[in-house]
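Could you walk me through this protein structure, step by step? I am new to reading models like this one, so please start from a single residue and build up from there.

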Amino acid sequence: MLIAVSHFLSGLALVGFVGVTLWLMARPPGRMAALMPAPRWLVVTAAAAALWCAVVYAYEPGSSQALVARALRNVAMLGWLAATFWTPQAPMSRPLRLIVRLLATICLITLVLGTAAHIRDGAAAAAWAGSALAIAAMIVAAGGLLVIDSSVRHAGAGLRMPVMAVAGGFAMLWAYELNLQLIGALTGKTPATLVALLPAVAILMLPTFVIAAMDVGRERMRLSRTAAMRTIVLLGGAAYLILIGLTGAVARLVGGDYGDLAQGIFLIVALGAGGLLFLSARARAWLSVTISKHFFEHRYDYRAEWMRFTATLGQAGGQGAADEEDERNLHRRVAKALAELTGSPAALLMLPDALGGFRVAEQWHWPAGVEEEALLSLRTAFMLQETRHIVDLDALRRGGLSGSGTGGEDLAIPEWLVADPRAWVVVPVLHFQRMIAVVVLHRPPVSRALDWEDLDVLRIAGQQAASYLAEAQSQHALSEARRFDEFNRRFAFIMHDIKNLASQLALLARNAERHADKPEFRADMVETLKISAGRLSDLLVRLSARERGRAAEAERTPVEPILHAVATEARPRRTLFVGCQAGLAAWGDAGSIRQIVQHLVGNAIDASQPDGPVQVIAVGEQGRVRIDVIDQGTGMTRAFIRDELFKPFVSTKDGGFGLGAFEALQLAQAMGGTIDVASEPGRGSSFTLWLPLADAGSGEQEHGYRMKVGSK
């Protein structure tokens with residue numbers, strides 16, 4: 001049954017390779033030359049493989065005739081490898097060229113002598129030539145794998161992935177054949193089943209010839225670091241099982257109790273190695289470094305590391321108290337991100353102080369903390385900023401200097417940092433030529449020297465971290481600027497109110513010169529002084545940063561007492577005519593309402609003639625409070641009302657600040673109200689303050705109008 005399956009597979013492989021050879025020959029030469037460096041060698045290799053499959057079909061996969069045909073196939077495969085991966089511009093190294101020539105010579109000698117032996121002796125030649133042919137095939141298979149490894153490592157980035165897949169197919173076939181020869185040499189028996197399945201391996205190699213000649217796969221495929229690591233683990237496990245099997249086979253050949261001894265030794269070694277890797281972080285780190293160093297082209301999986309780095313810097317959430325603390329503290333996240341990038345278990349982050357030096361501002365898992373005296377001097381900070389040097393402290397301790405600069409600079413690294421064996425690398429965090437932080441990385445579990453890849457990664461990661469820190473600093477500076485702006489805004493409004501108070505007190509002083517002997521005037525003067533002192537105290541309170549917003553103080557506020565208070569305060573300047581609907585109450589802050597009415601009344605008095613009337617009338621209308629301040633003064637144009645009246649720092653008064661109307665509108669809007677203006681030049685103005693009505697049922701429908709109109 002097995003022989004029949006092998007015979008069928010051999011025929012299938014023969015048909016396949018013959019078809020592929022004819023198809024490759026029919027392909028346009030120019031198109032083939034554009035797809036691969038050596039298209040003719042690919043055709044020759046396919047034809048040689050077809051000839052080998054024909055011999056395997058006629059005889060058996062393990063026959064001496066098949067071994068002779070294998071030599072011809074191997075020569076073609078070596079020729080394709082040499083022509084595809086090596087060019088006159090990038091020639092093969094002398095040792096490798098010697099190996100290729102030696103393998104080709106062995107194949108040619110095997111082909112010539114094997115053919116001659118079979119021509120002379122026929123099938124009888126297998127008895128004395130079979131062993132030599134098998135040894136030659138094993139040598140060529142082992143050497144071919146070495147050539148493939150060197151060729152693939154030497155391959156340029158422009159070589160298409162399907163062409164690389166052909167080399168992979170060669171490696172699969174040679175590895176299978178080498179395995180057959182090794183098992184036969186160790187056991188002394190031919191593995192008949194594996195030999196019979198050799199045509200199946202050839203069939204698996206066949207599609208690579210087709211794909212290589214098609215215009216596909218210009219993008220090179222690479223396994224991710226995770227997939228590659230898992231593949232290495234699986235291959236390691238397979239190698240371990242193969243080693244156990246080979247050891248058991250040898251032990252059975254030798255005889256005695258060596259088989260049980262070998263099993264015990266392997267079990268002890270496996271358990272010991274597994275326990276060491278499970279319990280020891282240092283052992284795991286050593287294994288990771290060793291695998292990265294010898295199995296990967298680069299130390300870092302840049303995509304995965306960069307995604308983790310940016311995720312740590314912009315951490316949106318975490319589990320546990322420590323993660324929540326990291327999320328709140330950008331400085332700690334920067335230290336953590338740079339440490340995790342290089343495998344360091346801890347890190348310090350230093351920020352500039354007032355004198356220009358750098359002190360420890362945050363730490364991530366740094367053991368036993370750090371002393372408060374830990375400081376990078378101004379000279380050290382200047383040298384790190386100018387040279388942009390990433391300092392390998394181990395190299396510095398050995399008397400050298402390793403970093404990203406030109407080397408040889410005296411960076412004035414402080415003694416406390418050099419003497420601390422925990423400190424490993426000093427990374428300046430630079431943002432547009434300015435050093436905004438310094439990160440000190442803790443020594444990893446497995447110490448190693450920095451190389452160019454570490455320096456490049458740390459430099460780029462430092463720049464990225466610097467952008468986060470600079471943005472945070474900008475946000476902090478903007479917040480401070482906003483607080484100063486708010487303070488200046490309040491102060492400007494207060495200066496406007498102080499100007500009004502100063503004018504009022506100046507008027508009171510002038511009137512005192514003429515009416516100081518009148519008891520009524522003295523009483524009014526004392527009342528006015530009390531009101532002015534109270535307003536000054538209120539102004540000081542408004543400067544406080546803890547003052548609550550006006551909208552937060554909204555409550556039911558009777559309107560009539562506010563109007564009477566404003567009329568009393570304005571009495572030294574003008575007698576007001578006040579009218580208020582009985583029981584009218586607004587929903588707002590009493591101080592803000594009073595301040596708005598005071599401003600409107602003051603502007604009305606300023607715009608009127610000394611004997612001109614000023615009226616203040618308050619009613620409920622359409623579910624809102626309406627307070628009108630009417631004068632017969634100079635009036636305003638519609639353009640001025642529309643474009644300038646409520647803009648800050650625009651005033652028609654000499655020495656005016658231009659903030660009164662702007663502040664009044666802001667206060668009204670904060671309480672859910674607004675201010676309307678109707679005015680004509682030469683005919684006066686009417687300012688209407690609209691506010692929410694506190695008692696919807698206290699309108700004219702329930703109480704009617706009960707106006708108080710008179711002189712105040």
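Val 578 is buried, with a relative accessible area of 4%; the cut-off for calling a residue buried is under 20%. Keep in mind that you are looking at a predicted model. You will find Val 578 in strand β8, which covers residues 577-580. Now look for Val 629: this residue is 51 residues away from Val 578 in sequence, and the C-alpha atoms of the two are 9.4 Å apart in space.

Let's step back to the whole chain. Its 712 residues include 41% that are buried, and the chain has 25 helices and 14 strands. Among contacts with a separation of 6 or more, 70% are between residues 24 or more positions apart.

Next, go inside. In soluble globular proteins, nonpolar side chains tend to be buried together. Here the largest nonpolar core has 50 residues, and Phe 17, Trp 80, Leu 81 and Phe 170 have the most contacts inside it. The elements giving two or more residues to this core are α1, α3, α4, α5, α6, α7 and α9, and α7 gives the most, with ten residues. A second, separate core has 39 residues, including Ala 567, Leu 584, Val 601 and Ile 627.

Now for a sheet. Strands of a sheet pair through backbone hydrogen bonds, either parallel or antiparallel. In this chain, six strands form an open sheet in the order β3-β2-β1-β6-β5-β4, with antiparallel pairing. β3 and β4 stand at the edges with a single partner strand each, so one side of each has no neighbour in the sheet.

Follow the pairs one at a time. β1 (residues 347-352) and β2 (residues 358-364) are joined by six bridges in the antiparallel sense, and Leu 349 has Glu 362 in β2 as its bridge partner. The hairpin of β1 and β2 has five residues between the strands, and Gly 356 takes a positive phi near 100 degrees there. β2 also pairs with β3 (residues 375-376), over two bridges; here Phe 358 has Leu 376 in β3 as its bridge partner. Elsewhere in the sheet, β5 and β6 pair over eight bridges, again in the antiparallel sense, and Leu 430 stands opposite Met 435 in β6.

Two helices meet this sheet. Helix α15 (residues 330-342) packs on the sheet and touches β1, β2, β5 and β6, its direction making about 70 degrees with that of β2. Helix α16 lies across β2, β3, β4, β5 and β6 and runs at about 100 degrees to β6.

Which residues of α16 are buried? They are Thr 380, Ala 381, Leu 384 and Thr 387. Seen down the axis of α16, these buried residues fall within an arc of 150 degrees, so they line one face of the helix. The spacing makes sense in general terms: an α-helix has 3.6 residues a turn, so residues three or four places apart point the same way. The buried residues of α16 pack against β2, β3, β4, β5 and β6. Just after α16 comes Arg 388, with a positive phi of about 55 degrees.

Key
Residues are numbered from 1 along each chain as its sequence is written. This is a predicted model: local features need pLDDT of at least 70, side-chain atom pairs count only at pLDDT 80 or more; totals for chains, interfaces and linings use all residues. Side-chain values use heavy atoms; hydrogens and water are left out. Two strands pair if DSSP finds at least two bridges between them. Helices (H or I, at least four residues) and strands (E, at least two) are DSSP runs, numbered from the N terminus. A nonpolar core is a set of buried Ala, Val, Leu, Ile, Met, Phe, Trp, Tyr and Cys residues joined through side-chain atoms within 4.5 Å. Buried means under 20% relative accessible area, exposed over 50%, partly exposed in between (1.4 Å probe, protein chains only). The arc is that of the directions from the helix axis to the C-beta atoms. Contact means heavy atoms within 4.5 Å. Axes are lines fitted to C-alpha atoms, for helices over the stretch in contact, and angles run from 0 to 180 degrees between N-to-C directions.
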